[in-house]
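Please walk through this structure step by step, from one part of the chain to the next. Have the sequence and the coordinates open while reading.

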Amino acid sequence: MPFTATDHAMMARALRLAKRGLYTTQPNPRVGCVLVREGVIVGEGHHQYAGGPHAEINALVAAGDAARGATAYVTLEPCSHTGKTGPCTRSLIQARVARVVVAMEDPNPLVSGRGIRQLRDQGIAVDCGLLEAEARALNPGFIKRMTVGRPWVRVKMAMSLDGRTAMASGESMWITGPAAREDVQRLRARSGAIMTGIGTVLADNPSMNLRISPAVLGSALPPSQPLRVILDSDLRTPPDANILRVEGRVLIIHDCDDARRQQTLIARGAALVRIPRQHEHDRLDLPLVLKVLAEHEVSECHVEAGATLAGALLEQSLVDELIVYMAPHLMGDQGRGLATLPGISTMNERIALQIREIMPVGQDWRITARPACQP
C-alpha cells in the first residue's frame, strides 16, 4: 500500500528519536519507535544503551493499553531472537498492535526478514521501506559489520590549505582550532574504536581517549570510552605511553613473538591479538585487522593516524569515509603530506572521491568524502 503523509511524518519522528542513541548504543544499532492510534502518538521510545530495552519496548511501556490497535513505526525491523533482551516481535504481538511500518530490514542474519514474517504470521500488517535511505544512514557501521564482517572505517585527517599535516620536523600541534578539535570528539564518541599506528604513538604520545561531556553531545547518557587500538607489528609501544595510562580498554594488534614485551604490555592493562603480516609490505594484514575489530563488535572504527597507515587503508580500498579538516593557513612545501600513496604515479591511478559535505567548523572547514565507487 502507498505510504501516507502521516506515515512519513511518524517515521521521520522515529528517526529523530533513534538519533538520540547516536553516542550510546554501540555495538547495537540506533533505533527509534513511535506508536500511533487514531492519528495520535500514544507512545514512543528509542534504544538508549546496549543491554537496555529496545526502542519498541520503551514505546510499548509508554503507551500501555493504548498500544492495542495502534500502528508502530520502527526504524529497523523488530528483532525476533533472544539476545541480552527478549524478542521485540513477541512484545508487539502481545500488545496487539494492528500494523507495523518498518524503515529497513535488519541486516543481522539472526533477524533478517524473520521478524517481519513472525508479525505477518500473527495477522499484523507490515509495510517496509519507508525512509529506508535515512534509516540506513543512521547505522552504516552496524550494516557493514553484519553484511561484510568489517566495521565502517572513518579516517580523520587535519591539514593546512596547502595539504600539509605537519612540519618537516613532525611538529603538528595545533593545525586546526578548538571548534574542529571538539568536533573530532563527537566523531570519537559515536565510534566503537579509535585506531592509530605505532608511529603516531611514538611521535605524539597521544591518549586517544574521549574527552567530551554528555551535555555537549546533547546526550542524556554518558558515552562509553571507545576501544583504543594500536597497530604495532613489533610491540614497540612504551609501557608508560599515555594511551595505556588513561581510562578505557586498549587492544594492541601485533606480529611479535617476544614474550617479555607481550607480558609487559599485558601487565599495563592492554589486550593483545597477534595476526600475520602482509609480507609484500612487511606490515600487518589490514583486512584481517578489520575482521578482528568486527569480532570485538566494533561497528564504526575511527582512525587517527599518520600518512603511512592512512595511505595503506586508502590503497587497499578499506576506507569508507574521509573526514578532512582544512585550516586556513599555509605550512610550506617542506611539510608532510596527507597520505603516503607510493603506488600512484599517473593520473589514471588517482583515487577518486565523492565530496558529500563541506561545512565550516569554527575557523576551519570540514570536508566529508567517500570513495567514488561507493554507493
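Where is the place of arginine 190? In this predicted model, arginine 190 sits in the loop between helix 7 (178-189) and strand 7 (193-197). Although it is a loop residue, arginine 190 has a relative accessible area of 16%; buried means under 20%, so arginine 190 counts as buried. Apart from neighbours within four places in sequence, its contacts are Leu22, Tyr23, Gln26, Arg30, Leu138, Pro140, Arg154 and Glu300. Glutamate 300 is 110 residues from arginine 190 in sequence, yet the two C-alpha atoms are 7.6 Å apart in space.

Leaving out residues up to four places away in sequence, valine 184 touches Lys156, His302, Glu304 and Tyr325. Aspartate 121 makes a contrast with the pair described above: it is 63 residues from valine 184 in sequence, and the C-alpha to C-alpha separation is 46 Å.

Now go back to helix 1. Helix 1 covers residues 5-19, which is 15 residues, and reaches 21 Å between its end C-alpha atoms, close to the 21 Å expected at 1.5 Å a residue. Asp7, Met10, Met11, Ala14, Leu15, Leu17 and Ala18 are buried in helix 1. Viewed down the helix axis, the buried residues of helix 1 fall within an arc of 160 degrees, so they line one face of the helix. The buried residues pack against strand 1 (32-37), strand 2 (40-46), strand 3 (71-74), strand 4 (99-102) and helix 5 (132-138).

Strand 3 also holds threonine 71. With a relative accessible area of 14%, threonine 71 is buried. Beyond residues up to four places away in sequence, threonine 71 touches Val34, Leu35, Val36, Arg99 and Val101.

The next element pair is helix 2 (residues 55-63) and helix 3 (residues 88-95), whose axes come within 9 Å and cross at roughly 25 degrees. Angles under 35 degrees count as roughly parallel, and helix 2 and helix 3 are therefore roughly parallel to each other. The crossing of helix 2 past helix 3 is left-handed. At the contact, Glu56, Ile57 and Leu60 of helix 2 meet Cys88, Ser91, Leu92 and Ala95 of helix 3.

Last come some points of backbone geometry. Most residues other than glycine have a negative phi, and most peptide bonds are trans. The peptide bond from glutamine 26 to proline 27 is cis, with omega near 10 degrees; proline 27 lies in the loop between helix 1 and strand 1. Leucine 131, in the loop between strand 5 (125-128) and helix 5, has a positive phi near 55 degrees. Asparagine 205 has a positive phi of about 50 degrees and is located in the loop between helix 8 (198-204) and helix 9 (214-217). At 33% relative accessible area, asparagine 205 is partly exposed.

Conventions: Residues are numbered from 1 along each chain as its sequence is written. This is a predicted model: local features need pLDDT of at least 70, side-chain atom pairs count only at pLDDT 80 or more; totals for chains, interfaces and linings use all residues. Side-chain values use heavy atoms; hydrogens and water are left out. Helices (H or I, at least four residues) and strands (E, at least two) are DSSP runs, numbered from the N terminus. The expected span of a helix is 1.5 Å times one less than its number of residues. Buried means under 20% relative accessible area, exposed over 50%, partly exposed in between (1.4 Å probe, protein chains only). The arc is that of the directions from the helix axis to the C-beta atoms. Contact means heavy atoms within 4.5 Å. Axes are lines fitted to C-alpha atoms, for helices over the stretch in contact, and angles run from 0 to 180 degrees between N-to-C directions. Angles under 35 degrees count as roughly parallel, over 145 as roughly antiparallel, 65 to 115 as roughly perpendicular and the rest as oblique. A crossing is left-handed if the near helix is turned anticlockwise from the far one by less than a right angle, and right-handed if clockwise.
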